[in-house]
Amino acid sequence: MRDRFNQFMQGRYGYDDLNRFLVKIFFVTLILSLITGRIQIGPLSVATILYWLSLINMSYCYFRAFSRNIYKRTEENNRFLQKTNGIRNFFRVRRDRMSQRRYYHIYTCPGCRQKIRIPRGKGKIEVRCPKCGETFIKRS
């Protein structure tokens with residue numbers, strides 16, 4: 001079965017960052033359609049509109065995944081990555097800092113605002129900024 005699927009997907013675009021984002025949007029709109037059950041806008045309810053938007057979104061995901069026009073799908077993904085670069089970097093920096101909090105303190109130099117990473121558990125230490133050379137005392 002796996003070989004048949006691999007043979008079917010050969011020459012098709014597949015799954016990328018834009019599809020991952022679209023699947024997340026699909027689940028959000030689907031859950032919102034379940035939550036907003038009885039809110040009416042004219043003859044249609046909000047739940048119906050959100051449900052159809054989520055189905056259109058998922059259809060587009062499948063279209064992109066099974067497309068044989070690899071060049072266009074790659075260009076779409078690259079445009080998406082360029083437009084969301086700032087947001088992705090913001091969250092990547094926050095995630096990296098949270099993963100380092102267990103082993104390091106991150107202090108800011110009072111002279112040049114450079115961020116300095118100091119290992120935890122060393123007591124009071126004198127920190128020298130590698131950028132401007134200013135020294136200050138902090139607890140680790």
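Colleague: How many residues does helix α4 have, and how far does α4 reach from its first C-alpha to its last?

Modeller: In this predicted model, helix α4 runs over residues 70-83, which makes 14 residues, and its reach from first to last C-alpha is 20 Å, close to the 20 Å expected at 1.5 Å a residue.

Colleague: Which residues in α4 are buried?

Modeller: The buried ones are R73, E76, N77, F80 and L81, and they lie on the same side of α4, because the arc they cover around the axis is only 135°. As a general point, an α-helix has 3.6 residues a turn, so residues three or four places apart point the same way.

Colleague: And what covers the buried residues of α4?

Modeller: The cover includes α2 (17-35), α3 (46-66) and α5 (85-100).

Colleague: Which exposed residues are on the face turned away from the buried side of α4?

Modeller: That face carries Y71, Q82 and K83, which are exposed.

Colleague: Switching to pockets, what volume does the largest pocket have, and which residues line it?

Modeller: Its volume is about 240 Å³, and the lining is made up of D17, R20, F21, K24, F80, T84, I87, R88 and F91.

Colleague: How many of the lining residues are nonpolar, polar or charged?

Modeller: The lining of the largest pocket divides into four nonpolar residues, one polar residue and four charged residues.

Key: Residues numbered from 1 in each chain as written. Predicted model: local features only at pLDDT ≥ 70, side-chain atom pairs only at ≥ 80, totals over all residues. Heavy atoms only, no water. Helix = DSSP H or I, 4+ residues; strand = E, 2+ residues; numbered from the N terminus. Expected span 1.5 Å × (residues − 1). Buried < 20%, exposed > 50% of the residue type's maximum accessible area, 1.4 Å probe, protein only. Arc of directions from axis to C-beta. Contact = heavy atoms within 4.5 Å. 1 Å grid on protein atoms, 1.4 Å probe; cavity = no way out; pocket = protein on both sides within 12 Å on 5 of 7 lines; lining within 4 Å. Points joined across faces, edges and corners; volume = space filled by probe spheres on them. Nonpolar A, V, L, I, M, F, W, Y, C, P; charged D, E, K, R; others polar.
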